Amino acid sequence: MEFVVRTWSAGARLGSMQLAAGVQMETPTLLLLTRKGLPAFIPPDLLQNLHPDARACQVSPLHFLDSPSASIVETAGGLHKFVSMTGFGMVALARDSLMDESNGEASSKLGAAFETTSGRRVVGPAKYMEIVNACKPDLWVSLPDEVPTWAAEKRNRLSVDRTLQWLDHCLSLQPAERGNRCLGVVVGSASLDERIRSAEQTATRNVVGFSLGGFGLGEDASQRALQMDAVIAKLPKEKLRHTSGLGLPEEVLQAVEAGVDVFDSIYPFMLTKGGYAMTFPLNMENSPGNLDTQPSASELAYIGSDSAKMNLRSVAYRLDKSPLVVGCKCYTCQRHTRAYIHHLINTHEMLSQTLLEIHNTYHYLEFFKAIRDAIKADKFLAFRNWFTSTRKETRVHSPASKSPTLVLH
Amino acid sequence: MNWPRALLTDSGGFQMVSLLHLADITEEGVTFQSPVDGKPMLLTPEDSIQIQNKIGADIIMALDDVVKTTTTGPRVEEAMYRTLRWIDRCIAAHSRPHEQNLFGIVQGGLDPQLRDICLEGLVARNLPGYAIGGLAGGEGKDAFWRVVAQCTAGLPEDKPRYVMGIGFPLDIVVCTALGADMYDCVYPTRTARFGSALVSEGVLRLTHAAMATDYRPLDSSCTCMVCKRYTRAYLHTLVTKEAMGSQLVSYHNISHMMQLSRNLHSSILEGRFPE
């Protein structure tokens, strides 16, 4: 794996990452969500041309505990072959945000506890690496002991110690012939001291990059900013930084500003499952025009939509012949209308999820492209400020109070 | 839909009766429970044709009075005669006869005499095509093919014959041998969603434990996207658990049925259908 930082804008950086032969990506970038190695609803033939930046996926080893097992993937020649994703970058990381967010309570010295479709499983470094080595991903994140911000001090210290031990154990099980593909996890929860300790220690290990762990577990956003800055300050600038669990656009922006390069997110999937299309405006230049022609915030709220997403279940879209987002060049928007997708959702057709996941993924990748364009133009902070100000449009003013109340999330 | 190829719509009769409770059939039409809010709704032949005119499919189906083949007694005869009366109402209500082809549906249960009467009546209306209906139920195979044979013998040679609700590959081959041209069935995709793949040797149950370590494609002679990329072993892990499993096996099963159709077609053209 090769990673080079090319330019900066405030704390945000633009990089170039080569995950594998033919898999070159600019960062900040998004890893697509997968279940057992494939996207939830996008089949491989539609994934090929989904978007120029749809080139890498996250994959959770937790999906390979039983069916399939590690030995089956190994016999099949590795993950890329088994799930027919040759030509895509595959990044293995333990965290499966769809199933369960770890609170660390059931973890022990034997391993981290995860809720899976076959119940609670405790996975230690040996088992984890058995699966990672069978899969042969392009990058893998080490096994962390993550705890949320309200964990007790002692538990938090234990999590930092364990995460380091498990990192060392995982590294020792990485076969030499595969080279170094490890992203070491930095934890430490709400304690800045522990965060710094974890970061400094992890930085001494032979890793190609870092994964900022323990975020997206319910912590306060301003706390998160402090913790991230404390961690990043101790990490070598030239190495890759990844984070899981920070899936919302504002969270991504905050992390990009702190200096994170690679993300995985369940946001496009969650919108898809709920029957929503992602619609938030992507750039400053066109946005005022867009907002003028949009229905008002309260009109949107009435049908369950807002300026970031469209509730396609609503009968308001029954006769709407526009594409999901006017001007969007994704497969779905080039071919289909809001009315059609509304119909598919209401008749419980699987096609609705395929079409929505395609659009939502494309739209989110365009968001990441807008971030990179802003960094290239050295306008990242302006972009971030503009974006967060448009998000405040989702707040509908209740007549009774003077302060805006958030209607939808 | 943005679908550039042919489309066919059914009249809604079968769906109402098979999928919903409390369907009541009278001369006027079919009263059933609305799937949206449970309120009683009436679908007349005129309503069905009007809706199909609006949808705009290339082939539309008449609303028929369809009974299960296991039904006996005067109900079967009543349904057959009503189907003939309703075809006239359908023809009268059809507002786009030059763009959409209205097919009549032959009913009459398993009774050859009733089938004959229905055949005669429908052929006399000179419709663009004909369906053989009422046979997707629980009848025995012997009874089934006899009725199909009788109908294909009685229908015009130069018009399509559509056997409704038939989708098992063997049934399609038999009906084709008897002179039928078109089929529809939920079977290929439904069985896919339950984890069964249609292959040259028959039906492959992907949920079976043996599939977990079977690294062959679904069907060695299939050239579809799924068979080019995936093994039984991987699909075994997806079926009934991930939406992608439904998608991939459905894709293969449809591809399989298309290949079956191509094989039937070319073997007839090349004069080697019997083999």
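Me: How many salt bridges does the rule find across the interface of chain A and chain B?
Reply: One, keeping in mind that this is a predicted model.

Me: Which residue of chain A forms a salt bridge with B:Glu242?
Reply: A:Arg35 does, with the closest N and O atoms 3.1 Å apart.

Me: And polar contacts, how many residue pairs across the interface of chain A and chain B?
Reply: Eight, with both residues of each pair at pLDDT 80 or more. On the chain A side, helix 1 (44–47), helix 2 (70–75) and helix 3 (79–82) are the elements that give two or more residues to the part touching chain B.

Me: What's the area buried between chain A and chain B?
Reply: About 2,000 Å², and carbon and sulfur atoms give 59% of that. A:Lys36, A:Phe82 and A:Met350 supply 26% of what chain A buries against chain B, more than any other three residues. By residues in contact, chain A puts in 26 and chain B puts in 22.

Me: OK, switching to the inside of chain A. Where does the domain assignment put the bounds?
Reply: Domain 1 of chain A is 2–265 and domain 2 is 274–407. Their centres, taken over C-alpha atoms, are 28 Å apart. In the contact there are 33 residues from domain 1 of chain A and 28 from domain 2.

Me: How much do domain 1 and domain 2 of chain A bury between them?
Reply: About 2,700 Å², with 71% of it on carbon and sulfur atoms. On the domain 1 side, A:Phe41, A:His51 and A:Leu253 supply 23% of the area buried against domain 2 of chain A, more than any other three residues.

Me: How many salt bridges does the rule find there, between domain 1 and domain 2 of chain A?
Reply: Four. The count of residue pairs in polar contact between these domains is 13. Helix 8 of chain A gives the most to the side of domain 1 that touches domain 2, with six residues.

Me: Last topic, helix 7 of chain A. Which residues in it are buried?
Reply: A:Arg224, A:Gln227, A:Met228, A:Ala230, A:Val231 and A:Ile232. The cover over the buried residues of helix 7 of chain A includes helix 6 (192–203), helix 8 (249–258) and strand 10 (182–186) of chain A.

Me: What span should helix 7 of chain A have?
Reply: It has 12 residues (221–232), so at 1.5 Å a residue it should span 16 Å, and its end C-alpha atoms are 16 Å apart, which agrees.

Methods:
Residues are numbered from 1 along each chain as its sequence is written. Chains are lettered from A and ligands numbered from 1 in the order in which they are written. This is a predicted model: local features need pLDDT of at least 70, side-chain atom pairs count only at pLDDT 80 or more; totals for chains, interfaces and linings use all residues. Side-chain values use heavy atoms; hydrogens and water are left out. Helices (H or I, at least four residues) and strands (E, at least two) are DSSP runs, numbered from the N terminus. The expected span of a helix is 1.5 Å times one less than its number of residues. Buried means under 20% relative accessible area, exposed over 50%, partly exposed in between (1.4 Å probe, protein chains only). Contact means heavy atoms within 4.5 Å. Domain bounds come from an automatic or database domain assignment. Buried area is the accessible area (1.4 Å probe) that two parts lose on being put together, summed over both. A salt bridge is a side-chain nitrogen of Lys or Arg within 4 Å of a carboxyl oxygen of Asp or Glu. A polar contact is a pair of N or O atoms within 3.5 Å; within protein, one must be able to donate a hydrogen and the other to accept it, and residues adjacent in sequence count only if both atoms are side-chain atoms.
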